[in-house]
Amino acid sequence: MPNNLDLDMVLDNKEDVELAKAAQRCIVSALDHSKAINIAIVEDGVERHDGSPLLRLPPKVLRLIADLLGSLAQGKAVAIMPKELDVTTQEAAMFLNVSRPFLVRLLEDGKIRYHKVGTHRRIRFEDVVEYKENRRKISQDALQQLTDQAQELDMGY
């Protein structure tokens with residue numbers, strides 16, 4: 001598996017978006033009504049009666065696929081990667097939308113854990129996501145405090 005973050009997986013034409021929507025509806029319907037764990041994959045325009053094997057997937061995986069298809073159909077970018085993935089400082093900085101020198105300062109200040117491979121810093125992607133979520137939560141809490149203060153002072157918000 002390549003060790004790069006491809007955050008640009010989007011569906012860029014109407015036909016693909018419609019296919020993703022239809023596939024999502026089909027999977028969700030199967031999960032909701034029959035606890036199905038079989039999916040038949042067929043070639044376009046080819047009817048199969050040869051008893052070809054069906055793809056068997058756990059319901060959790062089918063739900064994940066349905067969620068991915070839904071996000072893609074809405075035009076959202078999707079990335080899938082293992083939680084254990086190590087990323088470079090440049091990849092982590094791109095994910096956090098910060099400069100690489102700023103990220104290095106975060107690492108050196110102990111705000112994000114990292115380890116060294118030779119002379120290079122590597123960061124577990126899980127730690128980068130955790131940092132981003134913590135920053136989001138801090139921002140939301142600060143915004144809520146400002147909103148509460150504005151309400152108390154009757155500032156019209």
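Figure 1. Buried means under 20% relative accessible area, exposed over 50%, and partly exposed in between, with a 1.4 Å probe and protein chains only. Helices (H or I, at least four residues) and strands (E, at least two) are DSSP runs numbered from the N terminus. The model is predicted: local features need pLDDT of at least 70 and side-chain atom pairs count only at pLDDT 80 or more, while totals for chains, interfaces and linings use all residues. Residues are numbered from 1 along each chain as its sequence is written, and side-chain values use heavy atoms, with hydrogens and water left out.

**Figure 2. Surroundings of Val128.** Apart from neighbours within four places in sequence, Val128 is in contact (heavy atoms within 4.5 Å) with Val87, Ala92, Phe95, Leu96 and Ile123.

**Figure 3. Packing of α3 on α5.** The axes of α3 and α5 are 10 Å apart, at an angle of about 30 degrees; α3 is therefore roughly parallel to α5. Axes are lines fitted to C-alpha atoms, for helices over the stretch in contact, and angles run from 0 to 180 degrees between N-to-C directions. Angles under 35 degrees count as roughly parallel, over 145 as roughly antiparallel, 65 to 115 as roughly perpendicular and the rest as oblique. Ala92, Phe95 and Leu96 of α3 make the contact with Phe125, Val128, Val129, Tyr131 and Lys132 of α5.

**Figure 4. Packing of α3 on α4.** Here the angle is about 105 degrees and the axes of α3 and α4 lie 9 Å apart, so the two helices are roughly perpendicular to each other. From α3, Thr89, Gln90, Ala92, Ala93 and Leu96 meet Arg100, Leu103 and Leu107 of α4.

**Figure 5. Burial of α3.** Six of the eight residues of α3 are buried, namely Thr89, Glu91, Ala92, Ala93, Phe95 and Leu96. Their cover includes β3 (86–87), α4, β5 (120–124) and α5. Just after α3, Asn97 has a positive phi of about 60 degrees.
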